[in-house]
Amino acid sequence: MINLRIRIMFLGIIGALAWLGFSATSTAGGDGMKLLWSTKTDGPINLPPVTSGNVLMVVPKGQPLMAFNANNGSPLWQYAPKAEVWSRSLGSDAKHAYACTKGGKIAALDINNGKKIWETDLGIDCQRPPHISTDAIYVATTLVGQGIETKAYTGAKLFSINPETGAINWSFETDTYLLQTPHGFGDTVYVGGSYRDPDFDEEEGGPIRFYSLNSKSGKPNWIYESHDGLPKALYATRERMVYVGYQDYIVGIDAADGKKVWRKDAGNWVPSLNGLADVVFYGAANTKVHAWNTKDGKEHWRFNIPGGSFNYMLGRPLFDGDRMYFMSQKGTVFVLNHKSGKEIWSQPTGMDARAGLSVGEKMLFMGDSKGNVYAYSILK
């Protein structure tokens, strides 16, 4: 009985240490990161925390936008309008936080104090983070989604908005019923979404359209159509627009004329992707992480996440210097060299996360399904 009690206590201590970020199984040869602080909110965190300088922000589902001191977790301010803040709509730059509210409005808040700088009525709900460039933010809208009363299946718009004033530079109306977060390169912004085709009756996939638009005028350069299913994410370079859809194929489109250059099976279910220069990175549910050349789809490297089936990458990977950071579905943080795919270190957290992580100045931030927000310092 005494031995059993000691064993239970030992296992409890090991579990607590893993949750706190201390683990004997860390491949760092010690600890790669250490828990600095955590705080509890009243709703699940469905989007990685957003950081800007010393400010960390989250929108727990059904709760206000909350801002914390990134260094110690102390509360700074909240944004609690009458209309619900969409929990996956948050974005920021060095000066402003941007968030969409139920009913089709978007607001810009002062990062330091949460004061509302401007609010713009789009007339259509936006449930995704904006794409932020130097002189505009690009906001994708949707006519369908959780919490939205669907009345139409065509007419979702992309807006270009002045980040200082909230004035609409231009809007582009599409034939889709939803648009995902856009991505820009140079003087071009790309966005894609799903539309209804009465002649399409296959079980897998679905009709989608991608639009290449002039970022200054909103005028279309070209439109690309396929049956790859609901777009999940896209990434653009000077020569290619790369996307992944519901069918889990990665597709490379010629940025100049909108023609398909390559299309490859991703290997399994893919939640998202991200890119750096001419390489696109993603993780599939078969535990594989890939780096592919955007020009031709050829593989640079492949990394296998240990820990059994479906220990896949949550969300998209993030980059800092020569490192690529991501969290696995089982709550382990991995750090790879993004050029070689070699593991630098990995460390379990014990958390039940729904989204990936975010990277700050020598810090990592995460949120879980229970509403907890965590900040870790990077040790190695």
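This is a predicted model: local features need pLDDT of at least 70, side-chain atom pairs count only at pLDDT 80 or more; totals for chains, interfaces and linings use all residues.
As a general point, strands of a sheet pair through backbone hydrogen bonds, either parallel or antiparallel.

Inside the sheet, strand 11 (residues 137-140) runs antiparallel to strand 12 (residues 157-161), and four bridges join the two. If you want a spot to look at, take Ile 137: its bridge partner in strand 12 is Ile 161.

**The salt bridges**

On to the charged side chains. The structure has nine salt bridges, and three of them are set out here.

| Salt bridge | N to O distance |
|---|---|
| Lys 95 and Glu 164 | 3.2 Å |
| Glu 119 and Lys 116 | 3.7 Å |
| Lys 232 and Asp 248 | 2.6 Å |

Take Lys 95 and Glu 164, whose side chains meet in a salt bridge. This pair ties together distant parts of the chain, 69 residues apart: Lys 95 belongs to the loop between strand 6 (91-92) and strand 7 (96-101), while Glu 164 lies in the loop between strand 12 and strand 13. How accessible are the two ends? Lys 95 has 47% relative accessibility, so it counts as partly exposed. Glu 164 is also partly exposed, at a relative accessible area of 42%.

The bridge between Glu 119 and Lys 116 has this setting: Glu 119 is partly exposed with a relative accessible area of 35%, and Lys 116 counts as partly exposed at 41% relative accessibility.

Now for Lys 232 and Asp 248, with their salt bridge at 2.6 Å, N to O. Here too the pair links distant parts of the chain, 16 residues apart, with Lys 232 in strand 19 (residues 231-236) and Asp 248 in the loop between strand 20 (240-245) and strand 21 (249-254). Are these residues buried or exposed? Lys 232 comes out at 15% relative accessibility, and anything under 20% is called buried, so Lys 232 counts as buried. Asp 248 is buried as well, at 10% relative accessibility.

Notes: Residues are numbered from 1 along each chain as its sequence is written. Side-chain values use heavy atoms; hydrogens and water are left out. Two strands pair if DSSP finds at least two bridges between them. A salt bridge is a side-chain nitrogen of Lys or Arg within 4 Å of a carboxyl oxygen of Asp or Glu. Buried means under 20% relative accessible area, exposed over 50%, partly exposed in between (1.4 Å probe, protein chains only).
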